[in-house]
Amino acid sequence: MRDRSTFLLLALGFGFAFLYLPILLVILYSFNESRLVTLWGGFSLRWYAELFRSRDVLDAALLSLRIAAVSATGATVLGTLAGYALARMGPFRGRLLFTAMISAPLVVPEVITGLSLLLLFVSLDAAIGWPSTRGATTIAIGHVTFSTAYVAVIVRSRLVGMDVSLEEAAMDLGGRPLRVLFDVTLPVISPAIVSAWLLAFTLSIDDLVISSFVSGPGATTLPMLIFSKVRLGVTPDVNALATLVIALVAIGVVIAGFVLRRRAAAAERV
Amino acid sequence: MPRNRVRRPTWQRIGLLLPYAWLLLFFLAPFLIVLKISFADPVVAQPPFTPLFDPTRPEGARFYATLDNYRFVLGDRVYLLTYLNSTALAAMSTLLCLLLGYPMAYGIARARPATRHTLLLLVILPFWTSFLLRVYAWMGLLGTHGTLNRVLLWAGAIDRPLEILYTDTAVFLGMVYSYLPFMILPLYANLVRLEQDHLDAAADLGARPARVFLDVTLPLSLPGVVAGCLLVLIPAMGEFVIPALLGGSDSLMIGRVVYDEFFLNRDWPVAAAVAVLLLLLLVGPIALFQRTQAREEGE
Amino acid sequence: MSHGPPAAAPWLDPAAVPFVRIEGLTKRFGEFVAVDAVDLAIYKGELFSILGASGCGKTTLLRMLAGLERPSAGRIWIDGVEVSGLPPYERPVNMMFQSYALFPHMTVEQNVAYGLRKEGVPSAEVKQRVAEMLALVRLTPHARAKPAQISGGQSQRVALARALIKRPKVLLLDEPLAALDKKLREHTQFELANVQDRLGVTFIVVTHDQEEAMTLSTRIAVMDAGRFVQIGTPGEIYENPNSRFVADFVGNINLLDGVVESCAGGEAVVRCDELATRVVVRHEGALPVGAAVCVALRPEKILIHKEPPADGGPGVRGVVFDLAYFGNLSLYRVRTPGGKIVEVSAQNRRREARRHLEWDDEVHLSWDKGSALLLER
């Protein structure tokens with residue numbers, strides 16, 4: 001290893017410190033007794049207790065989870081179909097438009113998608129009377145719309161990397177194309193589909209902008225609640241919430257890594 | 001699939017139609033509606049804008065479209081400054097993400113497979129935790145009574161707290177912080193495919209490490225660089241959350257303007273016009289992004 | 001290893017009905033013609049090889065037989081039934097893929113059982129037939145393993161078992177030995193021939209390896225640029241190539257340019273300037289005087305001596321330009337006075353540590369007049 005590696009190590013070190021320092025500070029302050037967030041007043045769990053007592057936090061969290069589960073599933077179904085179409089169906093009429101609509105949500109700013117969705121719902125309401133109230137359903141629709149793009153990209157790239165002769169062999173052995181899809185294609189790409197679902201779930205549970213635009217009275221998601229609290233400044237109970245979220249995600253990622261590694265090891269055992 | 005089968009089975013047609021119809025209705029149509037509303041006048045009514053086609057109006061005046069909103073936005077210096085500022089801030093954030101992210105991605109790609117895995121996980125972990133909460137974390141760091149100021153004061157480096165929070169600098173830091181994983185991941189995906197053999201061959205032919213980087217690594221990693229930059233630049237230009245939490249009243253960011261125009265001023269047609277103009281600004285980069293995606297597809 | 005022909009050479013019998021018949025089969029990809037109107041008749045029980053370099057169209061042809069590629073023109077019959085428009089899942093044909101294409105999420109057992117399940121065979125029968133087939137290819141202990149856990153050679157046997165269990169009329173094999181190392185390749189050649197013999201299935205093999213084709217096949221079709229150049233038994237292809245291309249493609253050969261001086265009584269006299277001598281070649285048929293020909297002579301047919309040939313026949317003088325020692329044989333490259341390099345291979349019949357021919361030795365080459373043949377220039 002040459003001199004350059006010190007530069008790389010420094011870059012990596014600085015980069016990771018940059019990424020993690022704010023998070024670590026939040027975790028630290030979540031245990032701060034004092035209400036003045038940055039003035040250390042002793043170790044305490046009171047903010048966690050307050051969090052669990054808080055009705056609106058729990059309601060918002062539940063709503064976010066419900067919407068996330070529904071929209072992740074919807075996005076996974078639509079996105080898998082879209083990814084399959086792009087990877088396996090060759091040229092078809094309107095393919096260019098389809099591809100554009102699949103990749104655009106990845107980059108178009110959320111304020112634009114949120115705004116446009118709201119205007120759609122308002123116009124639809126004026127024209128056909130639905131949706132008369134905006135809330136969980138409209139939020140879910142919005143989330144499905146942008147998550148589908150992410151799922152499609154993941155599924156498409158997995159399919160493109162997959163050995164086509166697997167599907168050909170299945171057909172050669174007597175499987176009709178729809179059967180082959182369920183017997184071979186979907187099982188082989190199932191890890192990608194699962195990770196796509198997880199991604200869609202995360203995107204939904206984390207979304208603020210689109211939810212803000214298309215939501216209605218009584219439907220406050222967790223990010224919306226947090227945002228209204230922190231607009232005015234740092235608050236201690238949000239620190240506790242943040243720590244909980246980080247802990248949950250970290251545990252989830254570690255478990256996932258563990259499961260994957262066990263699966264890989266099992267596959268190698270002769 | 002027999003590659004030139006002309007008839008497509010029904011289930012494939014339905015399978016394609018479902019996502020297609022959904023996206024047409026909930027992604028494309030909304031943009032067209034935004035366009036339509038940008039040509040309307042605000043009214044005190046539900047919905048708060050004039051319709052494009054009103055059969056109740058007299059013949060000849062049934063269609064109503066106005067350029068007033070565009071004239072208003074384009075004629076206002078503040079709006080123009082906001083577009084400029086957003087672009088500049090997004091561009092600078094992209095540059096800094098690149099400068100920091102490239103060596104990080106390179107370092108991870110060059111690491112041993114076992115370490116590589118852990119490092120990647122460490123990069124992705126913040127990405128999976130709440131974006132909002134991570135931006136919020138910076139509020140605590142940069143405030144007048146925040147950790148940064150406390151440390152600097154205690155160390156004697158400054159004698160008055162720095163005003164960072166609620167300035168453009170805070171927004172800038174927040175953007176780099178939030179978008180860094182979006183730069184690292186596509187760069188990594190590209191760099192990890194770089195064959196060590198190519199680099200060794202270059203070295204064997206007499207190239208010094210710096211030359212190897214300039215002549216071999218950099219050109220080959222260019223697609224990753226382009227993808228990463230676009231993945232940061234485009235959404236950053238319309239970013240809302242970061243300027244809303246970390247920026248001040250004089251931090252002019254177009255995403256925030258759209259939001260405020262919509263929810264605070266309740267002027268939907270103007271908000272629509274601002275959004276359309278932003279989209280026009282982004283059409284070029286978005287098309288470029290789709291071209292790079294298509295090239296990936298062709299591989 | 002090329003066990004005897006199924007019946008005494010059915011391709012020579014005008015009354016025999018071909019089991020696989022191809023007529024005018026063509027495949028175009030845009031402007032490029034991959035397969036150019038080929039005709040072919042293959043008989044039941046044959047192990048037929050299609051031999052050619054990569055890009056010659058042989059894999060495309062195989063895929064059209066399997067139904068994975070739609071022909072641009074032409075028809076295919078199998079056992080008297082036209083299959084040209086049928087999708088792969090409706091043809092009595094199965095394929096063994098070059099990459100084996102084992103389903104990674106299914107066990108060896110489940111892989112082998114897949115085809116039978118698609119046929120709707122009852123479970124009990126499936127179990128029994130799978131067990132039999134696994135025993136045939138000696139994979140019973142690995143029945144519950146996943147493809148990632150077995151070796152390359154074992155994977156191939158699974159692929160073979162999976163295809164054969166459906167008792168297809170024809171088995172298509174795409175470069176079956178390409179992924180195997182040398183020792184395993186020889187072993188597998190035996191196995192394939194064995195299995196084919198026992199089950200009596202017609203095999204069609206596509207390969208670029210002429211050794212593979214020669215050892216396995218009843219007949220070989222040499223393919224180039226979408227067309228068949230020659231079809232025949234391995235012996236015919238090797239000893240009676242019909243063109244420079246086939247002669248050069250299969251095995252090593254010396255191609256010496258010459259001009260016909262006379263041709264009568266089953267013999268032609270050809271003046272070879274490259275050898276600086278005249279050679280007599282046995283040749284049926286007539287050739288005009290002055291015709292430009294190519295004398296084709298395989299290296300193993302040439303005798304190489306330090307002394308001039310005893311019978312005073314058409315020896316050719318030369319100097320050993322290069323040699324390679326393989327243990328069982330030696331390969332010599334001899335430069336003739338005409339400047340041509342002639343390749344000679346000689347078995348090392350005597351056990352001697354010191355070679356009896358060295359670089360720059362003067363040697364005499366001789367061969368039987370039936371050993372060479374004349375080809376168009």
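How do the residues of the lining of the second largest pocket divide into nonpolar, polar and charged?

1. The structure is a predicted model. In the lining of the second largest pocket, 14 residues are nonpolar, 11 are polar and 9 are charged. This pocket holds about 1,000 Å³ of space, and its lining consists of 34 residues. Leu329(C), Ser330(C), Ser345(C), Ala346(C) and Gln347(C) are the lining residues nearest its centre.

2. Four elements of chain C give two or more residues to the lining of the second largest pocket: helix H6 (210–216), strand E15 (303–305), strand E17 (329–335) and strand E18 (341–347). Of these, E17(C) gives the most, with 4 residues.

3. Chain A has 11 helices and 0 strands, and its pattern along the sequence is accordingly written α-α-α-α-α-α-α-α-α-α-α. The C-alpha trace of chain A spans about 70 × 65 × 35 Å along its principal axes.

4. Turning to the interface of chains A and B, 89 residues of chain A and 88 residues of chain B take part in the contact. The two chains bury about 8,400 Å² between them, with 79% of that area on carbon and sulfur atoms. On the side of chain B, the residues that lose the most area to chain A are Trp11(B), Trp128(B) and Tyr136(B), which together make up 9% of what that side buries.

5. The polar side of the same interface is described by two counts: 0 salt bridges are found between chain B and chain A, and 9 residue pairs are in polar contact, both residues at pLDDT 80 or more. Helix H1 (residues 10–37) of chain B, with 19 residues, gives the most to the side of chain B that touches chain A. That side comprises 69 nonpolar, 13 polar and 6 charged residues.

6. The contact of chain A with chain C takes 23 residues from chain A and 25 residues from chain C. About 2,000 Å² is buried between these chains, and carbon and sulfur atoms give 59% of it. Glu168(A), Asp172(A) and Leu173(A) supply 35% of the area that chain A buries against chain C, more than any other three residues.

7. Between chain A and chain C there are 3 salt bridges. One salt bridge joins the side chains of Arg176(A) and Glu90(C), at 3.4 Å from N to O. On the chain A side, helix H7 (164–172), helix H8 (177–206) and helix H11 (236–268) are the elements that give two or more residues. By class, this side of chain A has 13 nonpolar, 3 polar and 7 charged residues.

8. The structure holds 10 cavities of 30 Å³ or more, and the largest cavity contains about 600 Å³ of space. Its lining has 30 residues, and those closest to its centre are Glu110(A), Tyr150(A), Leu203(A), Phe131(B) and Phe182(B). Elements of chain A and chain B each supply at least two lining residues, among them helix H5 (110–128) and helix H6 (136–161) of chain A, and helix H7 (168–191) and helix H9 (209–237) of chain B. H8(A) provides the largest share of this lining, 4 residues. The lining of the largest cavity divides into 21 nonpolar, 4 polar and 5 charged residues.

Notes
Residues numbered from 1 in each chain as written. Chains lettered and ligands numbered in written order. Heavy atoms only, no water. Contact = heavy atoms within 4.5 Å. Buried area = accessible area lost by both parts, 1.4 Å probe. Salt bridge = Lys/Arg side-chain N within 4 Å of Asp/Glu carboxyl O. Polar contact = N/O pair within 3.5 Å; in protein donor to acceptor, adjacent residues only side chain to side chain. Nonpolar A, V, L, I, M, F, W, Y, C, P; charged D, E, K, R; others polar. 1 Å grid on protein atoms, 1.4 Å probe; cavity = no way out; pocket = protein on both sides within 12 Å on 5 of 7 lines; lining within 4 Å. Points joined across faces, edges and corners; volume = space filled by probe spheres on them.
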